[in-house]
Amino acid sequence: MRTASPRSSVGHTARQTINQTLAGPVMAKLVDLVPDLAWVPRGRELETALRDCDLLHRCFVAFRTHRTDFRLLLLDRRNRPVDNDNTPLSCGRTVNQIIAMIVRSAAKRHFRARLDGGFPPGRAQRLRRPEGVGWGGMLGWMTAQAEERRGARRGRSAGDQLYDAIRRYLLHDWQVPIIPQYARMTPPEVRALGSRILDFRDAAELASWLDGGADQRQMPTQWVVEPVPLPPEPEPETEVVVEPVSPAGPVQGAAALPGAGLAGDGRSRLSRVLSDDGRLIRMETVVPLLTTPELKAALGQPGREELRRAARSLAQTGSGTVRRLAVDYGLPPEQMTAMLAKSALLLPPAVYEKMVGRKGELVLILALIGRAKAAGLDASASPAAFAAFMEELFGRFGR
């Protein structure tokens, strides 16, 4: 019979103490400070706040504004008041660590409710199995869902996978209003951003970054947020009222961040292929390239009507795709045009726009670039090589 280690027993006791304090005396004080809590059935205040980001944010504001009201609850092991948020309390955790626990717990609930329909882990995946053939199958294949499912633990829902990717960056109470925007992200996008996700201190700013053009895709420079250092004691994953703080190593950054800040050659390269409003591909650059003998040969000598159809799809290419191909991947206009034009010839317009349009999903273009790199293609490869790669990649899904 296995017995719990002393360390895990201590961690469990600490979590119980924190949960009881939050659900009891902390909420009792917040009921007087946050009017909406007074309407919540007694004993359900904490769970209600965890499931409502706006309400939880107001609770944090009340705590910060009236911190002296909580002074008798913030004591160290010698029953002395604690004013520093990084000083351990009597439970062994700091205020910052407890805040991180609450933020993580709220985020997990929000992700499950929004991405899994509120269903338990596993059930949502069974209800939303992707198509395995046709263009629907191609989109699922491009997002590497099959690979992720094979590599992930059985029963991990979409909400849980997003939580697994972002949990180490959920550290601060100011992140609570941003949780709904975090829910719009994908695990690969979170991993690409790394700790730079903490540079977004405002929900509208992250929303603008997710929706906007190339100029909006640059990281804010006015904030540099350092993660709160966590103790070296490992914590098991336990589903309790709030999520335990797992001590990770230093928060990993994103040196290879797609869409990193532009400078010098990158800015010049982007200006050649991005429209003046920064939202779409620059057709004044692309259209002349489509009529050159080299590009026409690379594309398989399409007829005039085929090129017109491809150009109409190309005109919907969003700035996010352009930036990643031209700057992050470093492709010259000829190679990028061959890659996109061949895709436009192969794919139905709606599928093309779903992949690389203004509101296309970042995970798709990242997957596309990843597969191109795996095939040995870089900026020195010929336009014909990129066109052949797209033919191999997408030709199999046509019906």
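User: Let's take contact to mean heavy atoms within 4.5 Å. Among contacts between residues at least 6 apart in sequence, what share joins residues at least 24 apart?

Analyst: Quick heads-up: this is a predicted model, where local features need pLDDT of at least 70, side-chain atom pairs need 80 or more, and totals for chains, interfaces and linings use all residues. Residues are numbered from 1 along each chain as its sequence is written, and side-chain values use heavy atoms, leaving out hydrogens and water. Of the chain's contacts between residues at least 6 apart, the share joining residues at least 24 apart is 70%.

User: How many helices does the chain have?

Analyst: Helices are DSSP runs of H or I with at least four residues, strands are E runs of at least two, and numbering starts at the N terminus. The chain has zero strands, and its helices number 20.

User: Is Ile-102 buried or exposed?

Analyst: Look in helix 4, residues 95-115, to find Ile-102. Buried means under 20% relative accessible area, exposed over 50%, and partly exposed in between, using a 1.4 Å probe and protein chains only. Ile-102 has 9% relative accessibility, so it counts as buried.

User: What kind of aromatic pair do Tyr-329 and Phe-386 form?

Analyst: Rings of Phe, Tyr and Trp (its six-membered ring) pair if their centres lie within 6.5 Å, and planes under 30 degrees apart are stacked, over 60 edge-to-face, the rest tilted. The whole structure has three aromatic pairs. In this one the centres are 6.3 Å apart and the planes at 75°, so the pair is edge-to-face.

User: At roughly what angle do the axes of helix 4 and helix 8 cross?

Analyst: Axes are lines fitted to C-alpha atoms, for helices over the stretch in contact, and angles run from 0 to 180 degrees between N-to-C directions. Helix 8 covers residues 158-166, and its axis comes within 8 Å of that of helix 4. The contact includes Phe-111 of helix 4 and Tyr-163 of helix 8. The axes cross at roughly 145°.
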